[in-house]
Amino acid sequence: MKRLTLVIILLSALTIAIPFPVFGSGGEAQGTADAPQATIQAAPPYPPDTVVHGVYLPPVNNYGEEILAFNEEAGKDIGIIHYYVGWYYSAWTWLPSRIEAQVPAERRPQIMLSWVPKGRNCRTMDPYEQGDWAVNPSLYDIRDGYCDEYIRQMGRQLKGMPFTFMIRFGNEMNISAAVWWVGHYNNDPQLYIDAYRRIYDVFEQEGITNVQWVWAPSYSSSPREEWNSLFNYYPGDKYVDWISIVAYNWGEWLGVPWWSLNDLLDSDTWDHVMPEIMCRYAKPIMWEGATVEGTRPSDGSKAGWVTDAYSSLERYPFIQAVAWFNEWDDHVPTKADFRVVGGSSLDPDPLSLIHI
């Protein structure tokens, strides 16, 4: 278990005090003049006037104990545990089984699965056959029903577990680095929408009720062309329970400026993406991301960035959850370090980051 800075401990308290709007029994926002007056679709079990903490933790054998250790360091139980699942049949199920065995029922987080379409050729593989990471399911095949039986089996697995799951199908679908980006197909975002809806419809046919659907685009499309706008990928209100905006501060790792969370979510540079989303969609929103440690003279510190990010959440009243990526990029220690720890130059004493 990697040591956390005091940032998370302090920010656990900060988020409780943020003046988010209170929602009445009819679901209308009250008490925030600048907030869009819209009806929010319920996303239980979270009350809409709080910010829920979530985190991605690299899977380990005793995953439940890892979550409890993270909770102890943070001084607060997380509400969402996030991890990535390819299109396999059953290999991933030991993770929730560890949580069930090692975390008391009253402390278990919701499980958010980034269900990335990698690992299965639906035309050649039996639905029960273990997936192969070297192959990818075609969005055409998903849309046209060739993957229905595998999707059905996945849904039945979820249905049989004592958890509420959040499903992020094909996250960051609007960037070219994703193998499921439609630029690798026909440059038509409707293909992604059709595949997403097909999965939703199969789950609905199976009567699966312990799933929340999360639409998770990147805050900035790549390439930044009109046809590839993230808004062109929206599946429709019926198919979305949460919107998860993915936004990271990469700094020198990508040779870009040191951008604050507000720079990413509400600036001319990125077309004021968060206010635009809040105005278009009456949905609870999650921010998923992280920051590296500053390395250039003009950069800030990781602790300062995170503190500023949490403090700024009051500008975005529909953000009801934060999911931190507590890992290195691509899970490689030589790449960008997004963990809630000090940068390598500051270890082994990450607590020295804190000046508040």
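Which cysteine does a disulfide join to Cys 122? The partner is Cys 147, with the two sulfur atoms 2.0 Å apart. A disulfide here is a pair of cysteine sulfur atoms within 2.5 Å, and a search of the whole structure finds one. Its two ends sit in distant parts of the chain, 25 residues apart: Cys 122 in the loop between β5 (110-115) and α4 (139-143), Cys 147 in the loop between α4 and α5 (148-159). The torsion about the S-S bond is about 105 degrees, so this disulfide is right-handed.

Before going on, the ground rules. This is a predicted model, in which local features need pLDDT of at least 70 and side-chain atom pairs count only at pLDDT 80 or more, while totals for chains, interfaces and linings use all residues. Residues are numbered from 1 along each chain as its sequence is written, and side-chain values use heavy atoms, with hydrogens and water left out.

Are the two cysteines buried or exposed? Buried means under 20% relative accessible area, exposed over 50%, and partly exposed in between, with a 1.4 Å probe and protein chains only. Cys 122 has 11% and counts as buried; Cys 147, at 1%, is buried as well. Cys 279 is exposed, at 62%.

Now the barrel. Helices (H or I, at least four residues) and strands (E, at least two) are DSSP runs, numbered from the N terminus. Two strands pair if DSSP finds at least two bridges between them. Eight strands close into a barrel, in the order β3-β4-β5-β6-β7-β8-β9-β10, with parallel pairing. Strand β3 (residues 52-56) is joined to β10 (residues 319-325) by five bridges.

Last, the charges. Side chains of opposite charge can pair when their charged atoms come close. A salt bridge here is a side-chain nitrogen of Lys or Arg within 4 Å of a carboxyl oxygen of Asp or Glu, and that rule gives 15 of them. In one, Asp 141 meets Arg 123 at 2.8 Å, N to O. Asp 141 lies in helix α4 and Arg 123 in the loop between β5 and α4, 18 residues apart. Asp 141 is buried, at 8%, whereas Arg 123 is exposed, at 52%.

Arg 280 and Glu 276 form another, at 2.7 Å. Both lie in helix α8 (residues 273-280), four residues apart, about one turn of the helix. Finally, Glu 149, Arg 152, Arg 156 and Glu 206 are linked in a network of salt bridges.
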